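Have a look at the model, then read on for its helix packing and a few backbone details.

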Amino acid sequence: MSGPPVRVLYITGWMRSGSTLLGNVLNELPGVRHIGELHFLWKNGVLGSGTNSTCGCGMPLTECPLWSEALAALPAGGTEATAHRMLALQGALMRTRHTRDRLAEARGTRPAAPGVAELLDQSAAVYRRIAARGGDRLVVDGSKCPAEAAALLGRSDLDVRLLHIVRDPRATALSYRSAKEYIDPMSPARSSGYWTGFNLASELVGTAAGDRYLRVRHEDLCARPRQTVAEVLRFAGLGDEVPVDESGRIPLGVNHTVTGNPDRLRRGLTQIRPDERWRTALSPADITAATVPALPLLGRYGYPVTPSRRSGTPPTPANGTAHPRTADTPSPKADAHTAARRGIVAPLWPGELW
């Protein structure tokens with residue numbers, strides 16, 4: 001492809017971690033387009049077989065001027081036949097369990113599996129079209145699929161930066177506990193099993209990405225929005241003034257996102273603030289069930305093994321590294337043995353399930 005590589009900020013990690021909010025904040029900057037979760041363009045947008053499938057502007061995605069033009073410009077077209085083909089390739093090639101394979105291909109240590117280039121060509125074509133329609137400085141993709149992130153690192157026509165967002169697994173467990181229109185319910189243990197698997201896979205990709213990888217915490221975004229957004233802007237190569245005021249408020253306009261938290265449809269002044277309802281809304285048993293599968297990564301991300309029922313989490317250093325475990329903090333190994341004796345069994349690594 002001619003011209004400079006399209007710059008893409010690909011957000012990875014587990015769901016319900018604040019990617020929609022952060023993407024819409026970045027969307028307020030000139031030359032930046034937040035496109036939501038592009039991975040679900042085919043299922044939700046073209047086929048309309050998923051939930052929460054309208055464009056962020058409020059229109060059916062295939063009727064949105066931006067997306068109808070982008071779909072028409074794709075190499076294989078934006079037809080239902082193309083959508084079914086892309087869904088089949090995603091299922092065969094881009095599940096979490098495929099992350100190591102896609103990473104090896106991106107590094108050039110093994111030939112790409114049949115279909116990988118075809119699938120990525122469609123994504124790259126979307127990025128180029130979106131860049132030409134207002135995203136010339138940055139396209140933000142919040143798909144959160146580690147295998148896809150790994151594969152995209154190998155594209156010479158894209159300048160891909162990986163932003164890994166993490167959130168306390170007890171908070172995401174609360175979000176998944178009850179059925180919503182756009183997500184199925186999930187037990188706290190299962191949610192945290194996925195949390196661990198997706199974050200481990202994201203870190204694996206980050207190791208290969210080197211300085212094209214940054215990890216931030218949802219809690220830091222909410223507690224210190226200006227500082228966290230400024231860090232993300234520097235990482236993305238943007239020198240803009242942070243669009244969030246000192247009190248954490250930002251006026252949000254129209255966006256063109258594919259899927260994501262339904263809050264993406266809201267407009268007007270938005271207040272960014274911490275949400276730690278899980279500390280009192282989850283029972284002690286649910287907190288334990290959500291904690292055990294996440295033990296391998298809790299300390300690494302600065303989350304306590306035994307959380308307080310009061311609001312507040314320990315601060316994370318500016319460089320995103322975790323606090324070292326202190327002598328009075330139970331070891332993950334010890335907690336795992338205790339949980340096993342109580343009959344709590346962590347689910348399989350999500351790569352075996354998703």
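A crossing is left-handed if the near helix is turned anticlockwise from the far one by less than a right angle, and right-handed if clockwise. By that convention, H4 passes H6 in a left-handed crossing, whereas the crossing of H1 and H11 is right-handed. This is a predicted model, in which local features need pLDDT of at least 70, side-chain atom pairs count only at pLDDT 80 or more, and totals for chains, interfaces and linings use all residues. Residues are numbered from 1 along each chain as its sequence is written, and side-chain values use heavy atoms, with hydrogens and water left out.

**The chain as a whole**

- The secondary structure comes to 15 helices and 7 strands; helices (H or I, at least four residues) and strands (E, at least two) are DSSP runs, numbered from the N terminus.
- Of the 354 residues in the chain, 53% are buried; buried means under 20% relative accessible area, exposed over 50%, and partly exposed in between (1.4 Å probe, protein chains only).
- Taking contacts (heavy atoms within 4.5 Å) between residues at least 6 apart in sequence, 77% join residues at least 24 apart.
- The chain has an accessible surface of about 15100 Å², with 53% of it belonging to carbon and sulfur atoms; areas come from the Shrake-Rupley method with a 1.4 Å probe, and for residues only the protein chains shown count as cover.

**Helices H4 and H6**

- The axes of H4 (residues 80–93) and H6 (residues 116–132) come within 10 Å and cross at roughly 120 degrees; axes are lines fitted to C-alpha atoms, for helices over the stretch in contact, and angles run from 0 to 180 degrees between N-to-C directions.
- H4 and H6 are therefore oblique to each other, given that angles under 35 degrees count as roughly parallel, over 145 as roughly antiparallel, 65 to 115 as roughly perpendicular and the rest as oblique.
- On the H4 side, Arg85, Met86, Leu89, Gln90 and Leu93 meet Val116, Glu118, Leu119 and Gln122 in H6.
- By class, this contact of H4 with H6 has 5 nonpolar, 2 polar and 2 charged residues; Ala, Val, Leu, Ile, Met, Phe, Trp, Tyr, Cys and Pro count as nonpolar, Asp, Glu, Lys and Arg as charged, and the others, Gly among them, as polar.
- Alanine 117 also lies in H6 and is partly exposed, at 43% relative accessible area.

**Helices H1 and H11**

- H1 (residues 19–27) and H11 (residues 225–235) have axes that come within 12 Å and cross at roughly 70 degrees, so the two helices are roughly perpendicular to each other.
- Leu22, Val25 and Leu26 in H1 meet Val229, Val232 and Leu233 in H11.
- The contact of H1 with H11 has 6 nonpolar, no polar and no charged residues.

**Helix H13**

- In H13 (residues 284–291), the buried residues are Ile287, Ala289, Ala290 and Thr291.
- These buried residues pack against H8 (169–177), H9 (188–209), H12 (278–281) and H14 (295–298).

**Two loop residues with positive phi**

- Most residues other than glycine have a negative phi.
- Arginine 16 has a positive phi, near 60 degrees; this arginine lies in the loop between S1 (6–12) and H1 and counts as buried at 17% relative accessibility.
- Lysine 144 has a positive phi of about 60 degrees; this lysine is found in the loop between S3 (138–141) and H7 (146–152) and is buried, with a relative accessible area of 3%.
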